[in-house]
Amino acid sequence: MNQPEDSNDSGNPTIGSVVQARLQRRQFLKASVGAVAAGLGPFPLAGCVDDGAHRPRSGPSGDSALGFEAVPKSIADAFVVPPGYTARVLIAVGDPLFDGVAAYRDDGDNPDYARRCGDWHDGMEYFGLSANGRPDPSATDRALLAINHEWVSPAFLHASGPSAPPRPASEVDIETAAMGVTVVEMAKDSQGHFRYLEASPFNRRITTLTEIEISGPLRGHPKLKTRYSPTGTHTRGTINNCGTSRTPWGTLLTGEENWAAFFARDAADADRRSEAENYALARYGRPPGTPQAYQWNTVPDGADPYQRWNTSVTGASQDGHDDYRHEIHGQGYMTEIDPYDPDSVIQKRTALGRFAHEAAAFSRPQAGEPLAVYMGDDSRGEYIYKFVSDAPWDPADAVVENRMAVGAKYLDAGKLYAARFHEDGTGEWLLLSKANPAVTDYDRYPFADDGDVLLHARLAADAAGATRMDRPEWSTVNPDNGDVYITLTNNSGRQIDDEDGAIGVDAANPRAYKDRRQDSGTQSGNVNGHIARLAEDNPSSTRFRWDIYLFGAESDADASLINLSGLTADQDFSGPDCIRFGSGTDICWILTDDNAMTDQSNAMMLAATPGQLGDGSFVELDHGETKIVTPVGAQPGPSELKRFMVGPVDQEITGLAETPDGRVLFVNVQHPGAGSPIAGAAGAEGYTSHWPGNMGYGPGGDLARPRSATVMITKDDGGKIGS
């Protein structure tokens with residue numbers, strides 16, 4: 001995912017002030033160990049500081065077996081899997097989905113992207129189909145894949161790259177159609193390999209212009225009124241789609257992540273807004289004078305589909321029904337799609353809050369208990385959230401025909417919380433509602449109502465005092481024990497003072513260091529990222545326990561400050577992003593979006609068999625003036641974490657899905673060749689990647705334009721992946 005802005009100027013502490021993080025914390029935590037052992041926290045009585053010893057742990061099923069040969073790091077323009085495995089491309093950007101659409105060409109001349117597979121493949125979900133085309137979660141021979149398309153690469157979508165502003169409508173129409181979501185049917189051929197079906201009646205493209213309903217507390221809210229929907233009940237499109245979730249009733253949740261970048265704001269717009277409006281827009285990354293990411297609003301004819309990308313006040317009304325000042329409020333949600341019904345109405349589930357959504361992870365459904373949904377806000381210094389449904393789970397809803405009605409039941413009413421982490425390995429969920437006095441009395445933004453709280457969930461979390469985190473991204477739940485995992489990709493903004501050491505570190509975000517790349521320059525901050533782990537007594541609990549499951553690091557990095565998980569050359573990684581427990585295996589898959597370790601390896605995927613929260617102990621990090629003690633999971637052995645694959649050049653490995661039998665694994669390769677010059681500037685020889693053409697997929701061969709694509713991985717003996 002693109003590097004997000006840091007707009008959090010709330011002044012919230014990360015966990016505690018730096019002063020409180022000095023030497024005296026050692027004494028506090030030594031004293032607290034006894035309390036932890038007495039049941040107030042998750043950790044065994046093992047002393048305050050880890051002795052560095054490896055503590056063996058078993059996987060979710062207790063067998064901790066990863067039966068493949070670890071893949072070494074690679075900077076080759078290739079998709080590398082272990083011996084005994086084969087990778088094949090299933091579908092790539094530009095591939096036709098419907099009858100009458102021409103085959104993809106390698107020259108940038110591919111119109112009608114609303115009927116082709118979109119760009120920048122990201123999160124995805126598997127939806128099984130029976131032989132007669134009915135929903136069947138156990139099906140392994142026929143299925144639908146729902147694939148997110150996060151951004152676009154104009155350098156490769158057009159013959160000679162994008163034109164300078166003002167942008168021509170012909171180019172903008174391609175780019176706006178190449179984002180969103182693809183739903184595509186696939187079935188196994190006579191060799192037992194999946195192929196996508198070009199003319200399936202299930203195939204569907206959702207783009208930035210598809211009409212979508214607003215559901216939940218913000219439906220009809222005054223701050224959702226636009227020229228397109230004066231009643232505030234509809235909007236167009238789902239934008240910057242990143243992570244996903246498969247709901248317990250069989251629909252897709254797609255997360256709208258860096259959507260704010262798609263809205264321009266005039267330099268003079270601040271004069272037309274109230275102080276509160278200006279603060280809120282800036283807090284979401286839209287101060288006055290901010291351009292649209294691709295300049296879609298500059299099309300000269302000024303037609304409505306292009307005007308909507310300028311969220312400035314241009315009309316004369318008081319409520320905004322005659323312009324697009326509120327258009328930005330229609331994005332930033334978890335959006336629900338029924339992949340089994342291409343005619344179903346898509347819904348934005350506003351009760352889950354508006355922020356830079358990555359993925360969503362559901363608690364294990366238990367009859368009579370509410371459902372919890374765990375989510376991250378992917379920007380530096382942002383928060384981890386939990387939504388708890390008002391409705392208790394009814395197992396009968398897993399097979400109800402009207403799946404969108406079930407979605408309304410569980411996702412349109414409930415409570416939204418933000419996480420506060422404490423130094424002793426405990427935490428609390430802070431209610432984001434006007435029922436919370438801290439939210440009601442917030443002096444930087446007067447919330448009009450609870451709908452306004454959800455609309456500005458970041459501001460409400462500021463007010464409540466949530467803990468600022470290092471880019472919270474994907475989340476997943478261990479199906480064996482219910483532990484929640486959330487990736488914290490990195491924080492390149494944290495400062496390191498030559499005299500005072502690390503600034504802004506805390507127990508939940510404890511690292512800041514300098515990293516020298518082999519090719520050029522020095523990076524600083526939490527360069528390689530980490531993965532947090534939470535546990536609760538039940539989904540509606542307002543208390544949790546936590547530790548840090550893994551720290552990304554280079555294997556030869558300082559073991560006392562950086563490589564705290566003791567990673568070896570077969571395990572080291574950087575920039576954890578997507579994380580999923582398999583549906584057909586017990587493996588936890590970790591996928592990376594890295595720009596820190598790319599001098600050693602392209603982005604990759606690792607397989608893990610985690611233990612459980614509390615299987616490690618406390619570790620002390622000595623940052624000079626600042627001392628941090630943090631709860632850390634057990635260091636993984638070679639049977640508990642190893643590298644499974646490495647992708648081509650200048651890409652990230654993103655979404656993941658499995659067949660229910662665990663014998664086919666699907667992953668996405670996003671934006672290969674992203675470091676290339678604009679198409680035509682240096683010719684095809686100038687591209688940094690030619691994947692997947694160079695592995696025989698599509699036209700162009702060894703000089704092909706790079707393409708985002710979905711890859712299926714199988715074991716040559718037909719066995720389960722990873723075993």
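**View 1. Salt bridge between Asp 452 and Lys 223 in the predicted model.** In this predicted model, Asp 452 is buried, with a relative accessible area of 0%. Its partner in a salt bridge is Lys 223, and the closest N and O atoms of the two are 3.1 Å apart. The pair links distant parts of the chain: Asp 452 belongs to helix 8 (residues 450–455), while Lys 223 sits in the loop between strand 7 (211–215) and strand 8, 229 residues apart. Lys 223 has a relative accessibility of 23%, so this residue counts as partly exposed.

**View 2. Salt bridge between Glu 125 and Arg 580.** The closest N and O atoms of Glu 125 and Arg 580 are 2.9 Å apart, and the two residues form a salt bridge. Because Glu 125 lies in strand 2 (residues 121–128) and Arg 580 in strand 28 (residues 576–581), the pair ties together parts that are 455 residues apart in sequence. Glu 125 and Arg 580 are both buried.

**View 3. Salt bridge between Arg 105 and Asp 107.** A salt bridge joins Arg 105 to Asp 107, with 2.5 Å between the closest N and O atoms. Arg 105 has a relative accessible area of 42% and is partly exposed. Asp 107 also counts as partly exposed, at 29% relative accessibility. The structure holds 45 salt bridges.

**View 4. Salt-bridge network that includes Arg 265 and Glu 277.** A network of salt bridges links Arg 265, Asp 266, Asp 269, Arg 272, Arg 273 and Glu 277.

**View 5. Buried residues of helix 4 and their cover.** Helix 4 spans residues 275–283. Its buried residues are Ala 276, Asn 278, Tyr 279, Ala 280, Leu 281 and Arg 283. Among the elements that cover these buried residues are strand 15 (380–382) and helix 9 (457–464).

**View 6. Positive phi at Asn 240.** Asn 240 is a residue other than glycine with a positive phi, near 55 degrees. The loop that holds Asn 240 runs between strand 8 (234–236) and strand 9 (241–246). Asn 240 has 0% relative accessibility; the cut-off for buried is under 20%, so this residue counts as buried.

**View 7. Positive phi at Arg 471.** For Arg 471, a residue other than glycine, phi is positive and near 55 degrees. Arg 471 is placed in the loop between strand 19 (469–470) and strand 20 (472–477). The relative accessible area of Arg 471 is 2%, and the residue is buried.

**View 8. Cis peptide bond between Trp 691 and Pro 692.** Trp 691 and Pro 692 are joined by a cis peptide bond, with omega about 5 degrees. Pro 692 lies in a loop, with strand 35 (664–670) and strand 36 (709–715) on either side of that loop.

Key
Residues are numbered from 1 along each chain as its sequence is written. This is a predicted model: local features need pLDDT of at least 70, side-chain atom pairs count only at pLDDT 80 or more; totals for chains, interfaces and linings use all residues. Side-chain values use heavy atoms; hydrogens and water are left out. Helices (H or I, at least four residues) and strands (E, at least two) are DSSP runs, numbered from the N terminus. Buried means under 20% relative accessible area, exposed over 50%, partly exposed in between (1.4 Å probe, protein chains only). Contact means heavy atoms within 4.5 Å. A salt bridge is a side-chain nitrogen of Lys or Arg within 4 Å of a carboxyl oxygen of Asp or Glu.
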